[in-house]
Amino acid sequence: MSSKEQVNDLFTQTVDDWARYYDDPAPATLTAQNFVSRRRFAIQLIEARLPKGSKILDVGCGTGHLAAELARRGYDTWGTDLSAGMVEYARTNYNQDRYQVGDIEKIPFPDNFFDGIVCLGVVEYLANDDAALSEMHRVLRPGGFAVITTPSSVCPFFYLDRALVRTRFAVRPAIGVVRRMLGGAQPPAQPFPKVQHRRYRKGSWSKLMQSHGLQLDDWVCHAWGCYAVERFFPQGAFCRASDKFARNGLINWIASDQLSCVRAVK
Ligand SMILES: C[S@@+](CC[C@H](N)C(=O)[O-])C[C@H]1O[C@@H](n2cnc3c(N)ncnc32)[C@H](O)[C@@H]1O
């Protein structure tokens, strides 16, 4: 199975989880709060630059909630996603005509069609960024804006998470033995396909976008917290509180999720 098919599989299996993440505007968990915050920052970045009525594409739209919210706020929106399951959900729940299956590396729209693009949580699943960036640049009109999110490679919480996960894996066989001795159940096997998930540094990422005609206009970095201990410490409130620092360049680099707002130069 190719890595794109694995990504498709993963998201098709998790449509209901993605639909639920946005139910609560102040969720208890770090995971859900990260998504809720990033969606809010993306809306702010778009609203600060593009008037109502502008044409916006949500590429990698998942369940379609963001395109629907932008439509509710007066934008003319479309959504595309690799996963037919996600698109089906969006068409059933939001708009039958405005969502379609499509690959970010081959966006199914003509040149210069959109005033804006939102692309949240997508590029990190690709093998590389060149085709996706070229395509976003192609479908944006000159001077149009894109909000693209990436996971940070310098976030200290990520390294702490990685150390904790490795420790857990190292002691897992011992935990299994103790559980068996006590007659307990085995830990569940990993239920979803494991997919590649790349991380980004601001400097090299902005240079790459620039080389595709996408000039950095604004930068927001949010979501503090440790995913490895989320089961015991949900951290939603902590993550929400840390949003105050999302635009503070002295400290925001410690956060895990980056939003780059770029302008298409043509
Ligand atoms: C982490 S989810 C984010 C969904 C949505 N943007 C959100 O913020 O809720 C990533 C989405 O990107 C989609 N995706 C992954 N690779 C893609 C590709 N090559 N082209 C289009 N969509 C893709 C997945 O199917 C999935 O729905």
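Trainee: How far is the sulfur of cysteine 261 from the closest cysteine sulfur?
Mentor: The closest one belongs to cysteine 119. A disulfide is a pair of cysteine sulfur atoms within 2.5 Å. The two sulfurs are too far apart for a bond, because the distance is 13 Å.

Trainee: What should I know about the model and its numbering?
Mentor: This is a predicted model, in which local features need pLDDT of at least 70, side-chain atom pairs count only at pLDDT 80 or more, and totals for chains, interfaces and linings use all residues. Side-chain values use heavy atoms, with hydrogens and water left out, and residues are numbered along each chain as its sequence is written, from 1.

Trainee: How many disulfides does the structure hold?
Mentor: Take cysteine 119, which is in no disulfide. Its nearest cysteine sulfur, that of cysteine 61, is 11 Å away. The number of disulfides in the structure is zero.

Trainee: Is cysteine 119 buried or exposed?
Mentor: Buried means under 20% relative accessible area, exposed over 50%, and partly exposed in between (1.4 Å probe, protein chains only). Cysteine 261, at 1% relative accessibility, counts as buried. Cysteine 119 has a relative accessible area of 0%, so it is buried.

Trainee: What is the strand order of the open sheet?
Mentor: Helices (H or I, at least four residues) and strands (E, at least two) are DSSP runs numbered from the N terminus. Two strands pair if DSSP finds at least two bridges between them. The sheet has seven strands and mixed pairing, in the order β3-β2-β1-β4-β5-β7-β6.

Trainee: Which are the edge strands?
Mentor: An edge strand here pairs on one side only. From one strand to the next, the twist averages 15°. The edges are β3 (99–101) and β6.

Trainee: Which residue in β3 stands opposite threonine 80?
Mentor: Strand β2 (residues 76–81) pairs with β3 in the parallel sense, over three bridges. Opposite threonine 80 stands glutamine 100.

Trainee: What angle does the direction of helix α4 make with that of β2?
Mentor: Contact means heavy atoms within 4.5 Å. Helix α4 (residues 65–72) packs on the sheet and touches β1, β2, β3 and β4. Axes are lines fitted to C-alpha atoms, for helices over the stretch in contact, and angles run from 0 to 180 degrees between N-to-C directions. The α4 direction makes an angle with that of β2 of about 175°.

Trainee: In what sense do β5 and β7 run, parallel or antiparallel?
Mentor: β5 and β4 run parallel, joined by five bridges. Seven bridges join β5 to β7, and the sense is antiparallel.

Trainee: What is the hand of the β-α-β unit made by β4, α6 and β5?
Mentor: A crossover is right-handed if, with the strands pointing away from the viewer, the path from the first strand over the helix to the second runs clockwise. The unit of β4, α6 and β5 is right-handed.

Trainee: Which residues of α6 are buried?
Mentor: These residues pack against β1 (55–59), β4 (114–119), β5 (140–151), α8 (202–211), β6 (214–222) and β7 (257–264). In helix α6 (residues 130–139), the buried residues are Ala132, Leu133, Glu135, Met136, His137 and Val139.

Trainee: What is the phi of glutamine 235?
Mentor: Most residues other than glycine have a negative phi. Glutamine 235 lies in the loop between β6 and α9 (236–242), and it is buried, with a relative accessible area of 16%. Its phi is positive, about 65°.

Trainee: Where is asparagine 112 found?
Mentor: Asparagine 112 also has a positive phi, near 55°. At 40% relative accessibility, it counts as partly exposed. It is in the loop between β3 and β4.
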